[in-house]
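Hi there,

Here is the structure I promised to pass on to you. Have a look at it first, and my notes follow just below.

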Amino acid sequence: MQRILVLWCPDWPAVAAAQALGGDGTAPVAVLASGAVAACSRTAREAGVRRGMRKRQAQSACPELCVVPADQHRDGRLFEPVVAAVTGVVPMTEVLRPGLLAVAADRAVRAFGGEEELSEAVIAAAEAVGVTARAGVADQLFTAVLAARSGRCVPPGGDAGFLRDRPIADLAVEPALSGAGRDDLVNVLWRLGIRTLGAFADLDPVDVASRFSADAAAVHRLASARPGRRPSRAPIPAELEVDHDCDPPVDRIDAAAFLGRRLADELHRRLASAGLACTRLTVHAITELGQRHSRTWRCAEPLTPDATADRIRWQLEGWLTRAAGTQDAPDSPLVGLILEPTELVDPGALQHALTGAGLPPESGIGGLGDQARRALVRVQGLLGGDAVRVPVRSGGRGPAERVSSVVFGDEKVPARPVDAAWPDRLAGPLPTLLCRDAAELFDARGDAVGVTPRGGFTAEPVDVAVGGRRSRIRWWAGPWPFGIDAPARSADARPVAVAARAQVLLDDSRALLLCYRGAHWTVEGVYE
């Protein structure tokens, strides 16, 4: 049975910042990202500093607080000695992020006599380089990460029981295992009354996949203690591996970082041509005297060229700056660098290549892949500039108002400000399909159902008719008024009805968003 051990270094960004400052680790330290505390040391937490605090609020709680900016390169470089120490105990390690690594415990446990003994040996290796750590063991990686935070060894086959009473917020607690939008998913599940991982796991997988995002289907597997991601079954083509000979040899960090970025771009060009993406990458560095330094990096989302270059830089910078005579220090300049993709995902996981969900805004190409960008430019040349438009998130109350389109290549300015206050805005999740089909609601006697001036149904809806097809309503929510319905007024100019929205679940499992305007119902969206 597969068993995974995870080593977790609490507050690693703050620990790395303290090491960079050269202190003894007792001074309160806070790491700031976007003006808020992203991590803080134990002494700062004891003084009242918490993650999410603004800078002034944190300094007010702890006047002697040392504030430093976030620096991923610093975190990765200073984590390398910890990885080297653990690798000396267990040869094969996978770095999930600076401060978190995993090892295959089912094989390593044979040499130590048990999982508890293996955990103690790994923790002792981290403490030998001055880092406090905790370890957790479980069948699945997600469970092992949560178990490491409490220092527990989950018995074989006990992942589901361990996860069952955990809070639903644990789905987004570890950034190395969560993608973009995970916090929004957790908020939606909380509003739906799903407060624990066990309650989420009890949902039917088909319902989760049809009503939520692809990420929700993936995390549902995690909450159910099933593998969260399956690697591609196809063998990894040998031509995807990038093998570079350094001539002249590299002994400077800036030269190694520049080389790593160039090789990362080459790797992703090969992956793109094969229609694949890499989620686990092994980087091998070879010195002039034949010494080999290898690290395996695992990511929840497919690696991008920038993310790959960052990991190469962290590894090489941490290794090349190691003092001579220390464990695994480089014995000579670097003469070879190999990028070996060890886990690939199928093309179905690459849907963000056109939408730009996996690329940074500063890429300069609007988040589009090179091939898609060139194709759209060619279409503009044939049909005119206005013929190609791209969606932009906009502000508004209804689902259709929250998306506006701009000409491809122009500045992506929304038609309405997103961060403005929008009273009576429809809460998420929003419909996946927008439409404008006429509809009618009926009560148990067959009479039409409308909306009263107070914003309620005139009678309880039982049936809905859309396009001449009548369906039974199993469940409904609303109505939610969002303004005065101007067309429907009495003789004395007082409004006799309001504009409102309602949600209905039909007996055929379809879910509709209905809009009431001008004393008529329309289908505004369909939830799929």
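The largest cavity has a volume of about 40 Å³. Please keep in mind that this is a predicted model. As for how many cavities there are, the structure holds one of 30 Å³ or more.

H4 provides the largest share, with four residues. Sorted by class, five of the lining residues are nonpolar, one is polar and two are charged.

The other thing I wanted to show you is a helix pair. Helix H5 (residues 105-112) packs against helix H6 (residues 115-128) at an angle of about 90°, and their axes lie 8 Å apart. Angles of 65 to 115 degrees count as roughly perpendicular, so H5 is roughly perpendicular to H6.

Which residues make the contact between H5 and H6? From H5 they are Ala105, Ala108, Val109 and Phe112, and on the H6 side they are Glu115, Glu117, Leu118 and Ala121. In this contact of H5 with H6, six residues are nonpolar, none is polar and two are charged.

Happy browsing, and do write back with any questions.

Best wishes

Conventions. Residues are numbered from 1 along each chain as its sequence is written. This is a predicted model: local features need pLDDT of at least 70, side-chain atom pairs count only at pLDDT 80 or more; totals for chains, interfaces and linings use all residues. Side-chain values use heavy atoms; hydrogens and water are left out. On a 1 Å grid over the protein atoms alone, a cavity is a set of points where a 1.4 Å probe fits but cannot get out, and a pocket is an open set with protein on both sides within 12 Å along at least five of seven lines; lining residues have an atom within 4 Å of a point. Grid points are joined across faces, edges and corners, and a volume is the space filled by probe spheres set on the points. Helices (H or I, at least four residues) and strands (E, at least two) are DSSP runs, numbered from the N terminus. Ala, Val, Leu, Ile, Met, Phe, Trp, Tyr, Cys and Pro count as nonpolar, Asp, Glu, Lys and Arg as charged, and the others, Gly among them, as polar. Axes are lines fitted to C-alpha atoms, for helices over the stretch in contact, and angles run from 0 to 180 degrees between N-to-C directions. Angles under 35 degrees count as roughly parallel, over 145 as roughly antiparallel, 65 to 115 as roughly perpendicular and the rest as oblique. Contact means heavy atoms within 4.5 Å.
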